[in-house]
Amino acid sequence: MEETATQMVMASLAAHPMAETDDNLGWAAGNGVSVKVWNDFWLSSENQEGPFGPATKESANMSVSDLFLPNTRVWNRGKIRELFPHLEPVILSIKPSTKGAPDKRIWLKKPSGVYSTKTGYYAAMDSCQRNANVRIPANINWISDLWALKTTCLPPVGIGTGPLAPWICWNPWIARNNRIFSNRIFTEEETSLKAIIDAKEWLNAQPYKAPTWVRSLKSLPRPNVGLVCKSDAAWSTEKQAAGLAWNFSDRISTQLSIAITSSAQIAHFVKSPLMAEGLAIRAAMEHALNLDFRRISFETDSQQLVMAIAGEASISDLHGVLSDIESISCLLESVTFSHIPSEENRSADCRAKEMLNHLVLNPVLI
């Protein structure tokens with residue numbers, strides 16, 4: 001519902017320039033194809049930040065994908081240093097999708113990147129304060145006018161699976177702007193009807209999307225037997241780096257597991273512990289594919305990450321990593337993701353901390 005509302009607001013920007021919502025939109029990098037280096041905001045998931053300064057003729061129309069090494073989605077550090085030497089750590093901390101997931105528009109007022117009525121309201125209030133020179137007619141008494149309205153019940157409507165509430169919230173705001181700036185007045189009935197029509201038009205314009213595998217994960221119990229991979233990460237705020245570790249075992253029963261293999265690596269330019277946990281699971285899944293493990297349960301002590309993978313939460317900073325986890329999961333015959341207590345993940349935790357303590361220079365980016 002919230003993601004649908006976000007798409008609706010973004011699609012309405014061109015039609016409603018007074019909305020000021022574009023002041024709070026940015027991009028989460030996936031494959032980098034849709035994001036323009038100089039014209040779009042893609043360096044932060046919290047503020048509208050992009051490279052500044054005069055662009056060279058050669059880089060004026062460059063996309064973020066042009067900053068990758070040829071035929072990969074790995075950052076080209078040489079090109080980044082040439083064009084944006086002062087932004088190198090910031091750019092390298094962005095983890096794009098290695099599997100080619102599309103870029104994603106995000107709402108910068110929430111870490112999830114999903115638009116909400118509450119944050120939209122506060123954004124509008126901030127906009128009104130910045131535009132203090134816009135005078136509201138003195139003869140408008142919002143409180144008395146609101147209570148004097150004759151409420152009209154909406155007729156029963158069926159708009160399928162699409163939302164109606166966001167449009168009901170949106171159209172009174174448009175009617176208000178029309179009254180203030182264009183001196184055009186719409187009745188309650190006209191505003192309500194416009195909301196229903198807009199909702200139906202928007203729904204009919206959307207392509208059909210089949211439910212994805214991710215939505216069913218939240219109802220899957222933790223398996224008692226079978227192939228299991230436990231992963232963990234240790235993160236350093238000073239080094240902005242992380243040690244990643246994971247181990248595979250064959251769970252015979254709830255009390256007995258047989259170790260199969262394990263691995264660990266260093267990740268540089270990691271901006272948060274949650275990003276580190278996501279990188280650990282992604283690396284573990286790629287290792288599982290290389291070992292031809294097709295039926296496996298992944299376990300981590302990061303409950304927030306499990307919720308994000310299961311589609312119960314959205315995290316803008318992890319767009320590329322989460323998209324890759326979904327893509328790799330589609331290549332497996334059976335996969336589950338479970339949260340486990342930290343004490344059950346001590347082996348991977350110790351290995352991750354050991355890797356971080358032996359951090360060396362000349363990093364290999366992942």
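Helices (DSSP runs of H or I, at least four residues) and strands (runs of E, at least two) are numbered from the N terminus. What you see here is a predicted model, in which local features need pLDDT of at least 70 and side-chain atom pairs count only at pLDDT 80 or more, while totals for chains, interfaces and linings use all residues. Residues are numbered from 1 along each chain as its sequence is written, and side-chain values use heavy atoms, with hydrogens and water left out.

**View 1. Helix α8 carries H287, a residue to start with.** H287 sits in helix α8. Is H287 buried or exposed? Its relative accessibility is 18%, so H287 counts as buried; the label buried means under 20% relative accessible area, exposed means over 50%, and partly exposed is in between (1.4 Å probe, protein chains only). Setting aside residues up to four places away in sequence, H287 touches W246, F248, T261 and S263. Contact here means heavy atoms within 4.5 Å.

**View 2. L291 lies in the loop between α8 and β6.** L291 is partly exposed, with a relative accessible area of 34%. Which residues does L291 contact, leaving aside its neighbours within four places in sequence? They are F248 and T261. Look back at H287 and you will find F248 and T261 among its contacts too.

**View 3. Helix α10 is largely enclosed by the rest of the structure.** This helix covers residues 319-329, and nine of its 11 residues are buried. Those buried residues are H319, G320, V321, L322, S323, D324, I325, I328 and S329. What do they pack against? Their partners are the strands β1 (25-28), β2 (104-107) and β7 (334-339), together with the helices α8 (273-290) and α9 (303-309).

**View 4. R282 and D324 meet in a salt bridge.** A salt bridge is a side-chain nitrogen of Lys or Arg within 4 Å of a carboxyl oxygen of Asp or Glu. For R282 and D324, the N to O distance is 2.8 Å. The pair links distant parts of the chain, with R282 in helix α8 and D324 in helix α10, 42 residues apart. Both R282 and D324 are buried.

**View 5. K99 forms a salt bridge with E286.** The closest N and O atoms of K99 and E286 are 3.7 Å apart. Distant parts of the chain are linked by this pair: K99 is in the loop between α3 (88-92) and β2, E286 is in helix α8, and 187 residues separate them. K99 is partly exposed at 41% relative accessibility, and E286 is partly exposed as well, with a relative accessible area of 27%. By the salt-bridge rule, the count for the structure comes to 10.

**View 6. E333 and R295 join their side chains in a salt bridge.** Their N to O distance is 3.9 Å. E333 belongs to the loop between α10 and β7 and R295 to strand β6, so to speak two distant parts of the chain, 38 residues apart. Are E333 and R295 buried or exposed? E333 is exposed, with a relative accessible area of 58%, and R295 is exposed at 54%.

**View 7. One cavity of 30 Å³ or more is held inside the structure.** Rolling a probe the size of a water molecule over the atoms shows where empty space is left. A cavity is a set of points, on a 1 Å grid over the protein atoms alone, where a 1.4 Å probe fits but cannot get out, and its lining residues have an atom within 4 Å of a point. How much space lies in the largest cavity? About 150 Å³. Its lining has 17 residues, of which A28, A29, I94, S316 and D317 lie nearest its centre. Both β1 and α10 supply at least two residues each to this lining.

**View 8. N71 has a positive phi in a residue other than glycine.** Most residues other than glycine have a negative phi. The phi of N71 is near 60 degrees. N71 is placed in the loop between β1 and α2 (77-83), and at 86% relative accessibility it counts as exposed. D292, also not a glycine, has a positive phi of about 65 degrees and is found in the loop between α8 and β6.

How values were computed:
On a 1 Å grid over the protein atoms alone, a cavity is a set of points where a 1.4 Å probe fits but cannot get out, and a pocket is an open set with protein on both sides within 12 Å along at least five of seven lines; lining residues have an atom within 4 Å of a point. Grid points are joined across faces, edges and corners, and a volume is the space filled by probe spheres set on the points.
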